[in-house]
Amino acid sequence: MATGPGGNDRDELNRQYLPRYTLSNADALLAASERRSARVRRAVDGVLDLAYGDSPRQRLDIFPATHPGAPVLVFIHGGYWRATNITKSTYSHLAHPFVAAGATVVLPEYDLCPDVRIGDIVDQMRKALVWVHRNIKRYNGDPGAITVSGHSAGGHLTGMMVATDWRSYAGVTRQLVRASAPLSGLFDIRPHRLTDLQDDIRLSAASAKALSPMGLPAVSRGDALVAVGGEESDLFHWQSLQYAANLRAAGIRAEVMSTPKDNHFTITDRLGRSRDPLVRGILQLMG
């Protein structure tokens, strides 16, 4: 099985791909993000826990723009498809700069492995985006101006949204995703059949291949900003660089941004800062 640089060594793949193995303060960083987000939810008007699907976790939060016709940012949280301590509420803080800049922000939630499989989560995110496309006008958003972003496993899910044929899936425009901005994404998930995640995510060889955006054609043709923390592991950098190269080879404009001094968790702290280059890059992508 091809895993990219790093081969098939389980310990090395765990070290490269599972940041909690090498970062002792991950829980503290996530707790700080939760506190920032709680303050933003008190300060920025939002509509919370709207249902887009049937299960209790198939909910989303919306922070509407103040004027109609606004570009829409859908941000998908990470957590390796299984972490219960990372939710949509962890990242409400990004609503502050993006709503202030004139956008509508949507934060979807999803079911987790091992209760479901990764393919089920991909389908839930597709359902969430179709819901957004059909309903976002109520929240001052433009259904023709949806940018999808996400972090870590959310970056993987972002890539899967770019690879979705929306016309075949739901009878809507093929270009439902106008632009994408995956952060610290996992675009080839085949190595995780060999990491400690496998007990929960239960990937087969076939499902790992079918659910890896790295090997799928990009149906959505919009520009991409592929970001990775400057201090993340070699394989996270390889994933981002190779995915962006694949997009470019398909004729899609894709920029890679390595954010200085960031690890896998601190890169998302930037999303709450109006003047941060990552926020400005995503806003420029959104037009």
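This briefing covers a helix, a group of strands and some ring contacts. The model is predicted. Strand β3 pairs with two strands, β5 and β4. Helix α4 is mostly covered, and so is strand β3.

**Strand β3 and its partners**
- Strand β3 spans residues 70–76. Of its 7 residues, 6 are buried.
- Strand β5 covers residues 141–151. It runs parallel to β3, and 6 bridges join the two.
- Strand β4 takes in residues 104–108. Its pairing with β3 is also parallel, with 3 bridges.
- Here Val72 has Thr104 of β4 as its bridge partner.
- In a regular strand, side chains alternate between the two faces of the sheet.

**The β-α-β unit**
- Three elements form a β-α-β unit: β3, helix α3 and β4.
- Helix α3 consists of residues 95–100.
- The unit is right-handed.

**Helix α4**
- Helix α4 runs from residue 118 to residue 135, 18 residues in total.
- From first C-alpha to last, α4 reaches 26 Å. That is close to the 26 Å expected at 1.5 Å a residue.
- Buried residues number 13 of the 18 in α4.

**Rings and charge**
- Arg126 places its charged end over the ring of Tyr169. The distance to the ring centre is 5.9 Å.
- How many aromatic pairs does the structure hold? There are 6.
- Two numbers describe a pair of aromatic rings: the distance of the centres and the angle of the planes.

Technical notes
Residues numbered from 1 in each chain as written. Predicted model: local features only at pLDDT ≥ 70, side-chain atom pairs only at ≥ 80, totals over all residues. Heavy atoms only, no water. Helix = DSSP H or I, 4+ residues; strand = E, 2+ residues; numbered from the N terminus. Expected span 1.5 Å × (residues − 1). Buried < 20%, exposed > 50% of the residue type's maximum accessible area, 1.4 Å probe, protein only. Phe/Tyr/Trp six-rings, centres within 6.5 Å; stacked < 30°, edge-to-face > 60°. Lys NZ or Arg CZ within 6 Å of the ring centre and 35° of its normal. Pairing = 2+ DSSP bridges. Right-handed = clockwise from strand over helix to strand, strands pointing away.
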